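Here is a friendly tour of some helix contacts, ring pairs and backbone details. Have the structure open and follow along.

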Amino acid sequence: MKNVIVIGAGTMGAGIATVCAINGHKVFLIDINQDILNKSIERIKWSLESLHRKGRLKLSPDIIMNSIKTETSIENIQEHIDIVIEAVVEKSSVKKELFKILDERFDSILATNTSSIPIDEIARDLKGRKRIIGMHFFNPPTLINLVEIIPGEYTSTETIEKAMEFSRSLGMETILVKRDIPGFVVNRINLRIFDTVLTMAENGVDIEDIDSVARYRLMLPMGFFELFDFIGIDVLYNVINELNSRGFGIGDHRILREKIERGKIGMKVGEGFYRYGKSYARAVIRKRDVYGIDPLRIISVGINEASWIIRNGIASVEDVDRGQRIGMGYAAGLLEMADGYGIDNVNLILKSMNIKPDPLLEKMLDEGRFGIKNGYGFYRWPYRKVDLQGLTYERRWNHAFITFNRPERMNSLDLKAWDSIKIALSMADEDDVRCIFFSGKGRAFCTGDDIKEMYSWKNREESMSFFSHVEDAFRSLAKSDKILIALVDGYAYGGGAEMLLLFDYVISSSASEISFSEVKIGAIPPVATTLGIDMLGRKILRYAIFGDPMNAEEARGIGLVDTVVPEGQIERIYYEISRSIEDLDKNALKSIKKIVNVKKLSDDLRYSLNELIDLSTRESFKEGMRKFLER
Ligand code: NAI
C-alpha cells in the first residue's frame with residue numbers, strides 16, 4: 001500500500017483517486033474548495049457502486065471510500081507520501097506554481113497527468129526535477145487501463161521505474177513514451193486521424209457515412225464523430241489548439257468552431273454531431289453501404305504518424321498498438337490493420353493524398369514488407385507460398401489465398417490448372433485455415449477452360465478425360481468445408497463464372513464482367529444450368545442461354561454476386577473479411593458448410609457434363625472454338 005496524493009478532483013482526478021483506492025492505496029484527494037470535493041466524493045461513490053454491481057470490485061465500496069481522504073490544502077497532510085499525481089486544470093502557469101510547492105514539500109515522485117504541457121516546462125526550474133514525470137491516464141481511468149509514462153529530459157531512471165511499477169499496481173498497462181512529444185503516442189496518432197475525418201466532413205462527406213466505415217469496416221468501438229461528441233467538441237477543439245501551439249500542425253476546423261458557437265458541444269448537452277435522447281446514450285449510426293469510402297484514406301495518416309514515432313525510437317510497434325487497443329478500444333491495433341490492408345497500399349494512399357510517407361514506410365516498401373499478404377510488415381505473420389501449375393497457393397494469417405496465375409492466357413485453365421484447384425484445396429485443409437479466398441492475377445479472375453487446349457483434342461476420350469478433371473475440381477470446391485470467397489476483379493467467363501456458383505460469398509469490383517459464355521462456342525455451362533437454376537432460379541437462365549456478359553451490378557441483381565465494391569477496394573474488403581472471420585467458431589463454420597454442400601453436390605452436374613461431352617464431339621463445337629481462337 002502506498003500513500004498517494006491526487007491533486008485536482010475534477011473528471012480525471014476523481015477517476016485516478018478511485019483507481020488508486022480500488023487497488024488498495026491510501027489516497028489524499030485535494031481540490032481548492034470543499035464544494036468541489038463533496039461533489040467529487042459523490043461521483044466516486046456512484047462510480048464504485050456501479051463497478052460493485054458489475055462485480056468488478058474485490059472490496060466493498062464502503063471500505064474503498066474509507067481509504068480516500070479529502071483536503072483543501074496539502075499543508076494538512078502529515079503522512080509520508082510515496083507519489084503525487086497532479087490533475088488540475090490544463091494551464092501551464094497553474095501547474096508550474098503548484099509543482100514549485102510540491103517540490104519543496106515532498107520528496108516522492110511527482111507525476112503530472114497533463115495532456116499537452118511539456119514535462120520539462122514544469123520541471124526545468126525545480127530542484128527535484130529528476131523526480132518529475134508525466135503519467136497520462138485516459139478518461140475514465142476506472143475503465144481504461146492504460147497509462148502513458150512520459151519522462152522529461154531530467155527524469156531519473158529510478159523515477160521512471162517507480163512510475164511504471166505504481167501504474168502496474170493499479171492494474172494498468174503502460175506505454176513508455178521515450179521522448180516528450182506533443183500528444184504523446186495515443187492522442188498524437190488519434191489527432192492525425194481526427195484531422196483527416198474532419199477535413200473529409202468539411203469537404204462534404206456525410207459524417208454518418210464516415211462513422212459507418214469506422215464502426216462496421218474498421219470495427220472501432222465508436223464512430224469518429226460519435227467519439228467527438230463523447231469527448232466534448234469544446235475539449236477536442238482546445239486540445240487541437242494546444243498541440244498546434246506546440247507546432248503540431250493540424251487544421252483549424254470550421255466544423256468544430258461552428259458547433260461550439262451554436263453550443264452543440266456533444267453528449268454532455270444532448271447534441272453535437274448527433275442528437276442524444278438522454279445523456280450518455282449511444283448515437284444511432286446505421287450500417288450503410290460504405291464501400292465508396294476507402295478506410296485507408298482515414299487511417300493512413302495515423303499509420304504514418306505511428307511510423308514516425310517508431311522510427312524515432314519514441315515507442316515500440318507493440319506499444320503503439322497496445323495504446324490504440326486499450327486506450328481507444330480498437331479491436332485490432334492500428335499497425336496490425338496497416339499490415340492487413342497492406343503497407344504498399346498505405347504508401348500509395350498517402351501519396352495520393354499528397355502526404356509524404358514516413359521513411360520507415362518507404363523502407364518497408366523497398367524491402368517488400370507488405371504485411372499479412374507476404375508474411376512480414378510491422379509484424380511477422382504466418383505465411384507460406386507454393387506455386388502450382390496455373391495457380392499459386394498462399395497460406396496467409398488465418399486463411400488460404402489462391403490466385404489463378406496464367407495472366408498471359410487470361411487465367412484460363414488447362415487440365416493441369418484444373419488439377420491444381422484440387423491440390424490447393426487439399427493444402428488448405430488445415431485446422432486454422434478459416435476461409436479460402438480465390439482471386440486472379442492480372443485482368444481476369446478466371447476465364448474457364450483453356451480453349452486452345454480443348455481445340456487440340458483428337459477424340460471423345462480426350463474430351464471425357466478433360467471434363468472428368470473439371471468435374472473433380474468442381475466437386476472439390478463443392479465439398480470443401482472451408483468458407484470459399486471469390487474476389488472478382490476483372491473477367492469471369494465460362495468455367496470462371498460457373499465457379500462463382502460454388503463459392504459461399506462472391507465479391508466483385510464494379511468494373512468486372514461476368515459471362516456464362518460457353519454457348520458462344522457451341523458448348524453449355526454445366527453448373528449454371530443445374531446448381532445455378534436451383535440456387536438462383538430462372539433469372540440465371542437467360543444468361544446461360546444467350547451468354548451475354550453481365551456487369552457486376554447485374555450479376556448482383558440475379559444473386560450471382562453478393563457485394564459490389566468500387567475498383568481498388570477488393571483488397572480492403574478481403575482484409576476486413578479475414579478479420580471478421582477470425583472470431584467465428586470453427587466448428588459452426590464447418591457444420592454450415594457440411595449442410596450447404598449437400599445441395600452443391602447434386603448428381604445433376606454429372607448429367608450436364610455428359611451433355612457437354614457429347615457436344616464437344618460435334619463439328620459445330622470445333623468450329624466455335626476455331627472462331628474463338630481466331631478472334
Ligand atoms: P477538470 O476541470 O475536470 O478538473 C480540474 C480540477 O482541478 C478542478 O476541480 C479544479 O477545481 C482543480 N484545481 C484547479 N487548480 C487547482 C489547484 N491549484 N489545486 C488543486 N486543485 C485545483 O479537468 P480534467 O478534465 O480532470 O483535467 C485535469 C488534467 O488532466 C488536465 O491536465 C488535463 O489535460 C488532463 N487530462 C484530461 C483528460 C480528460 O479526458 N478530461 C484525459 C487525460 C488527461
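## Helices H7 and H9

In this predicted model, helix H7 (residues 186-202) and helix H9 (residues 224-231) have axes that come within 10 Å and cross at roughly 110°. The two helices are therefore roughly perpendicular to each other, as angles of 65 to 115 degrees count as such. The crossing of H7 past H9 is left-handed.

Which residues make the contact? From H7 come Ile193, Phe194, Val197, Leu198 and Ala201, and H9 supplies Phe224, Phe225, Leu227, Phe228 and Ile231. By type, the residues of this contact are 10 nonpolar, no polar and no charged. Some of these names return in an aromatic cluster, where ring pairs link Phe194, Phe224, Phe225, Phe228 and Phe273.

## Aromatic pairs

Searching the whole structure turns up 21 aromatic pairs. One of them is formed by Phe404 and Phe438, a tilted pair with 5.9 Å from centre to centre and 40° between the planes. Phe404 belongs to strand E11 (residues 399-404) and Phe438 to strand E12 (residues 435-440), so this pair ties together parts that are 34 residues apart in sequence.

## Helices H19 and H26

Another pair of helices to look at is helix H19 (residues 460-479) with helix H26 (residues 604-616), whose axes come within 10 Å and cross at roughly 150°. This angle makes H19 roughly antiparallel to H26, because the class takes angles over 145 degrees. H19 passes H26 in a right-handed crossing.

On the H19 side the contact is made by Arg460, Ser463, Met464, Phe467, Glu471, Phe474 and Arg475. H26 answers with Leu605, Arg606, Leu609, Leu612, Ile613, Asp614 and Ser616. Here the contact residues divide into 7 nonpolar, 2 polar and 5 charged.

## A mostly covered helix

Helix H15 (residues 343-352) is mostly covered, with 7 of its 10 residues buried. Which are they? The buried residues of H15 are Ile343, Asp344, Asn345, Val346, Asn347, Ile349 and Leu350. Their cover includes helix H12 (295-311), helix H14 (334-341), helix H16 (359-366) and helix H24 (570-581). Just after H15, the backbone of Asn354 takes a positive phi of about 60°.

## Backbone details in the loops

Pro140 sits in the loop between strand E6 (132-137) and strand E7 (146-151).

Two further loop residues deserve a visit. Phe184 has a positive phi of about 50° although it is not a glycine, and this residue lies in the loop between strand E8 (173-176) and H7. With 1% relative accessibility, Phe184 counts as buried. Met410, also a residue other than glycine, has a positive phi near 50°. Met410 is located in the loop between E11 and helix H17 (415-427). At 25% relative accessibility Met410 counts as partly exposed, because buried means under 20%.

How values were computed: Residues are numbered from 1 along each chain as its sequence is written. This is a predicted model: local features need pLDDT of at least 70, side-chain atom pairs count only at pLDDT 80 or more; totals for chains, interfaces and linings use all residues. Side-chain values use heavy atoms; hydrogens and water are left out. Axes are lines fitted to C-alpha atoms, for helices over the stretch in contact, and angles run from 0 to 180 degrees between N-to-C directions. Helices (H or I, at least four residues) and strands (E, at least two) are DSSP runs, numbered from the N terminus. Angles under 35 degrees count as roughly parallel, over 145 as roughly antiparallel, 65 to 115 as roughly perpendicular and the rest as oblique. A crossing is left-handed if the near helix is turned anticlockwise from the far one by less than a right angle, and right-handed if clockwise. Contact means heavy atoms within 4.5 Å. Ala, Val, Leu, Ile, Met, Phe, Trp, Tyr, Cys and Pro count as nonpolar, Asp, Glu, Lys and Arg as charged, and the others, Gly among them, as polar. Rings of Phe, Tyr and Trp (its six-membered ring) pair if their centres lie within 6.5 Å; planes under 30 degrees apart count as stacked, over 60 as edge-to-face and the rest as tilted. Buried means under 20% relative accessible area, exposed over 50%, partly exposed in between (1.4 Å probe, protein chains only).
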